Structures are given as structure tokens and as C-alpha cells.
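This briefing goes through one protein model by topic, from the overall fold to individual contacts. Each term is given with its cut-offs where it comes up.

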Amino acid sequence: MLVCLQLVAAGCAGVGPAMVNRDRFDYTKALSDSWKSQMLVNIVKLRYGDAPVFLDVSSVITSYEISSRGNAGASFKFDPFYETGGNIGGDIFSANRPTITYSPLIGEKFARSMMAPVPPAAILSLVQSGYPVDLVFRVLVQSVNGVRNSYGGRAAGFPADPEFFPLLEKLRRIQRSGAIGLRVQKTKQDEATLLVFRGKTSEEIEADRLEVRRILGLNRKRWSSGSCTACFHQMNRR
């Protein structure tokens, strides 16, 4: 029994490394799911004119404690009783003490971050990384070259321009063909992020590119036969 207790104690000594793989993914999943739920609630609040509230998880600290103890004894009595006896016992203690710290996102910095427009470079980077261009523009873009998206909600809503959603459909088809790229042009005083229509494509995609240029009012004389670069501006968060 003593040997068994020693083996149990030796196994408990390695509990730390074994917990890292399990708990890291469990906490990651829990934080991800909670952020998604919190974001969804705040989107609904913004939709109906309520103030959003965010609570950030600033730290997660967890500690483990496992201890074991065993005991054994024997007793003997001689003449005139001749009795013998023995006892054995043990216990194992286990504890998990997670400490999670929350911090509310409030104050002037938070208010400014909520009110500031999303930079065009960030929007185009989402498109470049593979997010559907129609979804990104529908959620984050107020207007492109004067072609306006719908905004304002039910209370004071403004409908989208008739050409806005057809524009998104054509951009999505061009994106699926792999003919959309991102280019950053730097000058001494400024930096511009450009959405590039690359290479030769099928006649259908080429027709979509021509229609995109027409809707956005881009000068066709500036494009070469191999590629064209469209500068998207006036992008503001809805």
C-alpha cells in the first residue's frame, strides 16, 4: 500500500504540464464565445439606439493544488492476550482556484474609439484577407465615391442608392475570380491604400470591372490594359 501511495504521489507531481493543454483551449473557447455574445448584444443595442457596454477580461490566473497523505500502523500485545492489529489510511486533496479579472471599457478613449470612422486601410485589408467584400462594405462602409449605403436605422433611416447593392454584387464576383488585390502607395507626406483589379480575366468579369468603374465614376483613360487601380474613399463606419 505504501508503494501504491508513492506511485499516486509521483503521478500527481506532473499535473501542471497536463493541465496547460486542456485549460488553454478551454479558456480560449470560453473567451471567444463570450466576446461574440457580448458583441451581438451591443450590436442589437446600437440598432435600437441604446448605449453599448463592454467588459474586457484583462487577466486569467489559475492555480492548482493536489496533495496526498497516507499512514499505516500496527500493534501487538503479548502474554496474556496475544492480540495483534493494524491500520492503514490515506487522503487526497485537490483544489482549482481560477482568478479572472474584468475591466469595463469606459471613458473618453472608449467613446472616441466608438465614434471614430474605421480607416479605409483596415476595411480593404479585410477584403484582401478573404472576407466577402459585399459583407464588409455593407457593414462598415457608408459611401464609396458618393455611392451611398443605407444607414440610420428605423428612426431616421436613409435608403441606399440604387447602384450600391449591384456594385457590391459585382465586386464580390470579381473577388471570387481572384482579380482583387491591395496596394499601398507611400509618398513623403501621405500613404494611400488602393484596391487593385489585377490581370486579364474572363469576359464576364471584365464586364463587371467596367461596370464598377462606371458606377464609381472612375476615369477609364487612367487604366492600362493589364490592370487597373481603383481608389476607394469616403469610407465611414455606419
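Helices (H or I, at least four residues) and strands (E, at least two) are DSSP runs, numbered from the N terminus. The model is predicted: local features need pLDDT of at least 70 and side-chain atom pairs count only at pLDDT 80 or more, while totals for chains, interfaces and linings use all residues. Residues are numbered from 1 along each chain as its sequence is written, and side-chain values use heavy atoms, with hydrogens and water left out. The protein chain has seven helices and seven strands.

**Overall fold**

- Along the sequence, the elements of the protein chain come in the pattern α-α-β-β-α-α-α-β-β-α-β-β-α-β.
- Of the 238 residues in the protein chain, 22% are buried; buried means under 20% relative accessible area, exposed over 50%, and partly exposed in between (1.4 Å probe, protein chains only).

**Nonpolar core**

- The largest nonpolar core has 25 residues, where a nonpolar core is a set of buried Ala, Val, Leu, Ile, Met, Phe, Trp, Tyr and Cys residues joined through side-chain atoms within 4.5 Å.
- The residues with the most contacts inside this core are Ile123, Phe137, Leu171, Ile174, Phe197, Val212 and Leu216.
- Two or more core residues come from each of H4, helix H5 (133–140), helix H6 (164–176), strand E6 (191–197) and H7.
- H6 gives the largest share of the core, with five residues.

**Helix H4**

- Helix H4 spans residues 120–128, and its buried residues are Ile123, Leu124 and Val127.
- These residues lie on the same side of H4, because they cover an arc of only 90° around the axis; the arc is that of the directions from the helix axis to the C-beta atoms.
- Gly130 follows H4 and has a positive phi, near 115°.

- The structure holds six salt bridges, a salt bridge being a side-chain nitrogen of Lys or Arg within 4 Å of a carboxyl oxygen of Asp or Glu.
- Side chains of opposite charge can pair when their charged atoms come close.
- One of the salt bridges joins the side chains of Glu211 and Arg214, at 2.5 Å from N to O.
- Glu211 and Arg214 are both in helix H7, three residues apart, or about one turn of the helix.
- Glu211 is partly exposed because its relative accessibility is 25%, and Arg214 is also partly exposed, with a relative accessible area of 48%.
- A network of salt bridges links Glu163, Glu211 and Arg214.
- Glu206 and Arg209 form a salt bridge through their side chains, at 2.8 Å from N to O.
- About one helical turn separates Glu206 and Arg209, because they are three residues apart in helix H7 (residues 203–216).
- Glu206 counts as partly exposed at 26% relative accessibility, whereas Arg209 is buried, with a relative accessible area of 2%.

**Helix H2**

- Asp33 forms a salt bridge with Lys29, and their closest N and O atoms are 2.9 Å apart.
- Asp33 and Lys29 are both in helix H2 and four residues apart, about one turn of the helix.
- Asp33 has 32% relative accessibility and so counts as partly exposed, while Lys29, at 54%, counts as exposed.
- Asp23 lies in helix H2, which covers residues 15–47, and counts as buried because its relative accessibility is 10%.
- The side chain of Asp23 makes a polar contact with the side chain of Arg22, at 3.0 Å.
- A polar contact is a pair of N or O atoms within 3.5 Å; within protein, one must be able to donate a hydrogen and the other to accept it, and residues adjacent in sequence count only if both atoms are side-chain atoms.

- Leu55, Val60, Ile100 and Tyr102 form a nonpolar patch on the surface, with about 340 Å² of accessible area together.
- Patches are made of residues with over 30% relative accessible area and no salt bridge, with like charges joined within 9 Å and nonpolar side chains (Val, Leu, Ile, Met, Phe, Trp, Tyr) within 5 Å.
- Accessible areas come from the Shrake-Rupley method with a 1.4 Å probe; for residues, only the protein chains shown count as cover.
- At least two patch residues come from each of strand E1 (54–77) and strand E2 (83–105).
- Ile100 is in strand E2 and counts as partly exposed at 36% relative accessibility.
- Asp56 is in strand E1 and is partly exposed, at 24% relative accessibility.
- Asp56 and Trp35 are 21 residues apart in sequence, and their C-alpha atoms are 8.7 Å apart in space.
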